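Here is a short briefing to read alongside the model. Please keep the sequence and the 3D view open as you go.

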Amino acid sequence: MVNLCDLKKEPIVNYPTFWDYKVIFEIGVNAGEIFEELLGQREFKYQHSNASTSGKYHSYLLSVYVDSKKDRLDIFEKLKNKAKFVL
């Protein structure tokens, strides 16, 4: 059984590491171009993971090499400004 207090603790992450983001875009958006624009020469890979039943959205699993918590959160913020949702 999980103690609910434990769920509020921040996970221990050993940096540098690859971090996975689930990124959701509206149909017609070129995810590859956006990832290239935001991440530049950074090491990353992505793959299409799902489409909504209405076909209006596509989701991608993006894995990015991050150096620190700040780096990870900065990337999250950049993605959030371009995508419909980021998880």
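Buried here means under 20% relative accessible area and exposed over 50%, with partly exposed in between (1.4 Å probe, protein chains only). This is a predicted model, in which local features need pLDDT of at least 70 and side-chain atom pairs count only at pLDDT 80 or more, while totals for chains, interfaces and linings use all residues. Residues are numbered from 1 along each chain as its sequence is written, and side-chain values use heavy atoms, with hydrogens and water left out.

- Leaving out residues up to four places away in sequence, Phe 35 touches Val 23, Phe 25, Gly 40, Phe 44, Tyr 46, Tyr 60, Leu 62 and Leu 79 (contact means heavy atoms within 4.5 Å).

**Sheet**
- Four strands make an open sheet in the order E2-E3-E1-E4, with antiparallel pairing (two strands pair if DSSP finds at least two bridges between them).
- E2 (44-51) and E4 are at the edges with a single partner strand each, so one side of each has no neighbour in the sheet.
- Seven bridges join E2 and E3 in the antiparallel sense.
- Lys 45 stands opposite Ser 63 in E3, and Asn 50 has Ser 59 of E3 as its bridge partner.
- The hairpin of E2 and E3 has five residues between the strands, and Gly 55 in the turn has a positive phi of about 80°.

**Helix H3**
- The 14 residues of H3 (69-82) should span 20 Å at 1.5 Å a residue, and the end C-alpha atoms are 21 Å apart, which agrees; the expected span is 1.5 Å times one less than the number of residues.
- Asp 71, Arg 72, Ile 75 and Leu 79 are buried in H3.
- These buried residues fall within an arc of 100° seen down the axis, so they line one face of the helix (the arc is that of the directions from the helix axis to the C-beta atoms).
- On the other side of H3, Lys 70 and Asn 81 are exposed.
- The buried residues of H3 pack against E1 (17-26), H2 (31-39), E3 (57-66) and E4 (85-86).

How values were computed. Helices (H or I, at least four residues) and strands (E, at least two) are DSSP runs, numbered from the N terminus.
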